[in-house]
Amino acid sequence: MATFIKCGWLYDGKGETAAADQAILVQDGTIAYAGPAAAAPARKQDDVFLDYSGLFVLPGLIDLHTHLAYGNAKSEENIDIYSPMEFRALRGMFFAQQVLAAGYTSICSPGDAGRISLSIRNAVDAGLFTGPRVMAAGPYITSRQGLADWYPTWIGTPETGVGHLVKSLDESIEEVRRQVKEGVDCIKIAMDGRMKRADGEFIAAFTQAETSAIVEEVHRLGRKAIVHARGREAVLYSARAAVDLIFHASYMDEEGLDAVLKNKCSIAPTLTFLRHDIDFTQPTDQAFHHGRRAASQAEFDTACAVLSRAYKLGVPILPGTDSGFALTPYGEWHAKELDIFVKYLGMTTAQALRSATSLAAKFLSHGAGVGAIEAGKLADLVVVDGDPLRDVTVLLEKQRIKAVLLGGEPVDLRQRSYDPSKVSDFSHQWWSTLYTRERVESLFGASRVAA
Ligand SMILES: [Zn+2]
């Protein structure tokens, strides 16, 4: 069956501008024709006809940093501990559909507990549910100095947590092989965490030799290597090991940048998360009292300076939002990263849109079929009331997303509301401050001190 789509404007995900009065013909989910309506094959009587005259059509968008199992969590404990894995998988499927409804037809879920992301991927691929196309990782490979090994040594990384703690290079290689056997598309390595040297610099969680050996095994098994690396050292080791994608890279130095360029690594800076830390954190949030705002502002400024330079030198800068935290709820903020690329990294709107379509597709394991509107690609499309080439923030406005098509089929954009307190809010922290006499007096006045 064929679908004939009339487009007011069409942006193909590769060019500089959109073209007016275009048409797309979809045959069995794949684009058979895309171009001027005047030159399109004649519309047949039994073709499904979708009339998007007056609207702007672009390729389905891609977010490379959406953790399907995090559940809009307010704490790491909420991510790792409180809900059963089975519930998280159902919850992840629900949230994946919210991501899709925002116009994001492909995502990378770069690190989740157990086999949750790859199970959601498989359920979608098998046709059990409508959802975005997922490139899935398993738990992060981490060391005692890496992200996701949050807890004291006597607790370690729980089985239900997002990190898998390795205590030797042999264990790292074994974990890579296990995850590949289970079917991941990419392996996430926690290349740094919160450990810093006395001079304030982040310490890499693995040595150069360890990093190179792990990445070599990932590549030998035909998978992509992705890393969380904020510090100078973690970025440098990752880039020298020729990882495929570096998340953050905030404190990359010239040596790291040279290695990134030499080994053709891509970077997904995930600046949305920092921006939201700066702009949204309130005095009632625990994060506020831990000085996160100032730290995030400093990191944001440093990252923007080095990443603008990297972009000018030709490093692919790809979009990701770290969606899945309370700061970055699913389906809400994916296009924010593009706005940041334009306002802080010096991209044009067309460059930002290419980053979220044809360029991000080059990283995806299923990328050959998506990321552009041209014959032979899957008909994953977003239909917008507005011109994202003039202002990318129109993509953040839900009421402007008029349709999202997956393989030529419009998906249901209605969003069911849910009760967050039954979904992800299970942390046992009950008070946000210490009620000393002094604090009580300052909050409520002296009269509250006595019973
Ligand atoms: Zn992340």
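**Helix 8 and helix 10**

I looked up the handedness of the crossing between helix 8 and helix 10 in this predicted model, and the crossing is left-handed (the near helix is turned anticlockwise from the far one by less than a right angle; clockwise would be right-handed). Helices here are DSSP runs of H or I with at least four residues, and strands are E runs of at least two, numbered from the N terminus.

I noted that the two axes come within 8 Å and cross at roughly 140°; axes are lines fitted to C-alpha atoms over the stretch in contact, with angles from 0 to 180 degrees between N-to-C directions. Helix 8 and helix 10 are therefore oblique to each other, as angles under 35 degrees count as roughly parallel, over 145 as roughly antiparallel, 65 to 115 as roughly perpendicular and the rest as oblique.

I then listed contacts (heavy atoms within 4.5 Å): among the residues that meet are Leu-271, Phe-273 and Leu-274 of helix 8, and Phe-300, Ala-303 and Cys-304 of helix 10.

**Helix 10**

I checked the length of helix 10 (residues 292-312): its 21 residues should span 30 Å at 1.5 Å a residue, and the end C-alpha atoms, 29 Å apart, agree. The expected span is 1.5 Å times one less than the number of residues.

Just after helix 10, I found Gly-314 with a positive phi of about 105°.

**Conventions**

Residues are numbered from 1 along each chain as its sequence is written. The model is predicted, with local features needing pLDDT of at least 70, side-chain atom pairs counting only at pLDDT 80 or more, and totals for chains, interfaces and linings using all residues, while side-chain values use heavy atoms, leaving out hydrogens and water.
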